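Good morning, colleagues. Please keep the sequence and the model in view while I go through a selection of its features.

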Amino acid sequence: MRYVSTRGRAPVLDFEQAMMTGLARDGGLYLPETIPTFSAEEIASLEGLPYEEVARRVITPFVGDSFSDADLRDAIARAYQGFDHIARAPLVQLAPGHHLLELFHGPTLAFKDFAMQLIGQLFQLALARSGQRITILGATSGDTGSAAIEAFRGLSNVDVFIMYPHGRVSEVQRRQMSTPADANVHALAVEGTFDDCQARLKDLFNDHEFRDTVGLAGVNSINWARVLAQIVYYFAAAVSLGAPARAVDFTVPTGNFGDIFAGSIARAMGLPIGKLVIATNQNDILHRALTSGEYRVGTVEPSISPSMDIQVSSNFERALWLAYGRDGNAVSALMEELKSGGFTISQGALEALRETYISGRVSEAETTAMIATIREETGEVICPHTAVAVKVARAHLRAGVPMVSLSTAHPAKFPDAVEAATGIRPPLPSRMADLFKRDERITRIANDAEAIKSLILERRTA
Ligand SMILES: *Cc1c(COP(=O)(O)O)cnc(C)c1O
């Protein structure tokens with residue numbers, strides 16, 4: 001399987017190289033040159049299989065010769081053994097024809113674990129073969145950082161440095177990053193915003209001498225291997241609701257567009273997904289783009305669903321590449337325009353996008369109200385991101401077509417918002433009930449690339 005960049009000017013890579021590289025050298029994102037398809041029989045045969053076996057079958061065609069079948073099987077088994085639900089991604093019925101897909105049974109209680117745990121395993125295999133040592137550097141608004149730390153902690157050939165904005169993540173999120181005691185884990189509280197953290201990340205990746213010295217690697221959501229791992233639960237959910245014999249719709253609470261884009265790949269592979277519904281909070285650039293054809297960057301308004309507080313949605317570039325008929329020059333031109341604030345999507349591309357996606361936007365008050373409504377109607381307590389999806393999904397239910405809303409985080413990760421809506425403070429699962437008693441290790445650091453570089457050189461265990 002060959003991987004090409006959305007901007008058409010980076011080297012063509014195999015799966016392992018695309019995974020280890022992350023961002024393409026032309027600034028683009030890697031995608032498979034052709035999308036493998038499954039026949040109706042192949043899809044039907046997934047029914048009743050363990051999640052791990054569904055994962056192996058869905059992932060295999062994308063991996064090519066990079067990993068043997070035995071290695072892939074073991075990596076998948078190890079990735080999901082720490083999940084505390086046997087189904088890994090269980091479905092819960094909210095109403096006739098409307099289901100929640102619970103993606104928060106992994107070690108850090110958000111869907112990010114599905115991809116991060118697997119790429120943690122695949123990175124280890126690749127590094128053991130090459131003898132390389134790497135430094136993983138990430139910027140997080142909360143969930144990605146803890147998932148990356150959990151996936152790479154304790155490994156002898158990896159250091160993991162995570163920058164988060166000091167004072168701007170929830171206490172649960174901070175403690176998940178600051179309490180692992182492993183020497184290779186480094187939580188950096190940057191004096192700045194999430195945007196500052198992302199800017200420093202770019203600075204360090206663009207310093208090629210530093211990048212080579214420490215073997216810098218990126219595991220943010222533009223890494224193709226993360227998208228790939230997320231395709232699996234669309235198959236698992238749709239098959240248990242009657243696919244391929246019947247179509248299933250999905251609503252996805254969306255920020256960086258990684259999770260919903262994985263759904264579009266499942267659809268392109270032949271899974272009968274009717275509509276993919278983009279659900280945004282008040283940071284609604286994607287909803288505006290789908291409605292008006294104008295992709296214009298505004299300012300981020302902090303919300304109670306902070307993991308979706310994003311204006312530039314990185315993975316949307318992949319959807320644009322497909323919508324523009326895989327035209328790397330067209331995508332490059334759009335990304336050039338984006339530097340000065342935005343662009344207009346061509347009529348043809350907009351029609352192509354609307355063939356796959358519809359969208360909706362949810363206000364803060366509506367999010368809170370939906371958490372309360374679901375609690376009253378079903379007894380389920382949902383996180384604010386999930387509530388955004390459920391609200392939009394309820395406006396798009398179709399007779400005879402099951403709707404699945406992705407439940408992306410455990411409510412205990414966002415206790416203040418949930419308590420404000422329901423009066424209930426959701427407890428953490430018992431395995432992390434002592435999170436607030438564990439010792440924290442945090443390094444405060446200036447919003448300054450040189451300071452961060454020196455710290456990495458000094459602290460890394462490599
Ligand atoms: C990351 C995240 C999202 C958004 O996912 P994208 O892939 O960035 O669209 C939604 N909900 C939660 C809880 C998240 O952590």
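Predicted model: local features only at pLDDT ≥ 70, side-chain atom pairs only at ≥ 80, totals over all residues.

Strand 3 and strand 4 form a hairpin, with two residues between them. Gly97 sits in the turn and has a positive phi of about 80 degrees. Strand 3 covers residues 91–95 and strand 4 covers residues 98–102; the two run antiparallel and are joined by four bridges.

Let me turn to the chain as a whole. The protein chain holds 19 helices and 15 strands. Its radius of gyration is 21 Å, close to the 23 Å that the globule rule gives for 462 residues, so the chain is as compact as a globular protein of that length. Along the principal axes, the C-alpha trace spans about 60 × 50 × 50 Å. Of the 462 residues, 58% are buried. The protein chain exposes about 17200 Å², and carbon and sulfur atoms supply 49% of that area. As for contacts with a separation of 6 or more, 74% are between residues 24 or more positions apart.

In what order do the five strands of the open sheet lie? The order is 8-5-6-7-15, and the pairing is parallel. Strand 8, residues 216–217, and strand 15, residues 443–445, stand at the edges; each has a single partner strand, so one side of each is left without a neighbour in the sheet. Further in, strand 6 (residues 158–165) and strand 7 (residues 185–190) run parallel and are joined by six bridges. One of the residue pairs to look for here is Val160 with Val185, its bridge partner in strand 7.

I move on to the aromatic residues. The structure holds 18 aromatic pairs. Among them is the pair of Tyr295 and Phe316, which is stacked, with 5.3 Å centre to centre and 15 degrees between the planes. Why does this pair tie together separate parts of the chain? Tyr295 lies in strand 11 (residues 294–296) and Phe316 in helix 13 (residues 316–323), so the pair connects parts that are 21 residues apart in sequence. Both partners are covered: Tyr295 counts as buried because its relative accessibility is 2%, and Phe316 counts as buried because its value is 1%. Elsewhere, ring pairs link Tyr51, Tyr80, Phe83, Phe114, Tyr233, Tyr234 and Phe250 into a cluster.

Helix 11, residues 258–268, is mostly covered, with 10 of its 11 residues buried. The buried residues include Asp259 and Arg267, as well as Ile260, Phe261 and Ile265. After helix 11 comes Gly270, which has a positive phi, near 115 degrees.

The other is helix 6, residues 143–152, where Ala147 is placed. Is Ala147 buried or exposed? Its relative accessibility is 0%, and it therefore counts as buried. Leaving aside residues up to four places away in sequence, Ala147 touches Thr108, Lys112, Asp113 and Met116.

Thank you for your attention.

Terms used: Residues numbered from 1 in each chain as written. Heavy atoms only, no water. Buried < 20%, exposed > 50% of the residue type's maximum accessible area, 1.4 Å probe, protein only. Contact = heavy atoms within 4.5 Å. Pairing = 2+ DSSP bridges. Phe/Tyr/Trp six-rings, centres within 6.5 Å; stacked < 30°, edge-to-face > 60°. Rg over C-alpha atoms; globule rule 2.2 N^0.38 Å. Areas by Shrake-Rupley, 256 points an atom, 1.4 Å probe, with all protein chains shown as cover.
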